Amino acid sequence: MAEEIYRHFKPYEPKKGEQYMSAKQLAHFRSILEAWKQDLQSDIERTVHTMQDEATSFADPNDRASQESDIALELRNRDRERKLVKKIDQTLARIDAEDYGYCDSCGVEIGLKRLEARPTATQCIDCKTLDEIRERQVAR
């Protein structure tokens, strides 16, 4: 659900002749990332408060097991979100370093459409595809 927030932003339409990763483009992606991060942090805080409020000790072992299972699932989800917040912070640092939008592997432009789909992308589609092929081969 939190990942959907950045999709509510209107895709960036570059002006004719506009340079890739112009100040306006960087500001666009910064606003998406900051809104996404804020939404994730709100979810994390809400979960902590909810878990504190619902900290009930059930006498019935089945109820207790069900509650523990729910808590474990919620904690796994929040851990994933915590990692995503860290990745968003790293991406914001890339914007600050004027390194955003370029592939870590080959240095080419990642592309606005790919960044709109995945604002935290660090590789162009070709390098990412090659990495995924390598991962599948290693897993066999």
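Reader: Is R94 buried or exposed?
Author: R94 is buried. This is a predicted model, and the relative accessible area of R94 comes out at 14%. That counts as buried because the cut-off is under 20%.

Reader: What does R94 form a salt bridge with?
Author: With D104. Their closest N and O atoms are 2.6 Å apart. The pair links distant parts of the chain, 10 residues apart. R94 sits in helix 2, and D104 lies in the loop between helix 2 and helix 3.

Reader: And how accessible is D104?
Author: D104 is partly exposed, at 48% relative accessible area.

Reader: Switching topic. How many salt bridges are there in the whole structure?
Author: A search finds 10.

Reader: Which residue does R82 meet in a salt bridge?
Author: D79, at 2.4 Å from N to O. Both are in helix 2, three residues apart, so about one helical turn separates them. R82 is partly exposed at 46% relative accessibility. D79 is partly exposed too, at 28%.

Reader: What about helix 4, which side chains there are three residues apart?
Author: D131 and R134, about one helical turn from each other. Their side chains meet in a salt bridge, 2.9 Å from N to O. D131 has a relative accessible area of 25% and is partly exposed. R134 is partly exposed at 47%.

Reader: Last one. Which residues are linked in a network of salt bridges?
Author: R30, E34 and D96 are linked that way.

How values were computed
Residues are numbered from 1 along each chain as its sequence is written. This is a predicted model: local features need pLDDT of at least 70, side-chain atom pairs count only at pLDDT 80 or more; totals for chains, interfaces and linings use all residues. Side-chain values use heavy atoms; hydrogens and water are left out. A salt bridge is a side-chain nitrogen of Lys or Arg within 4 Å of a carboxyl oxygen of Asp or Glu. Helices (H or I, at least four residues) and strands (E, at least two) are DSSP runs, numbered from the N terminus. Buried means under 20% relative accessible area, exposed over 50%, partly exposed in between (1.4 Å probe, protein chains only).
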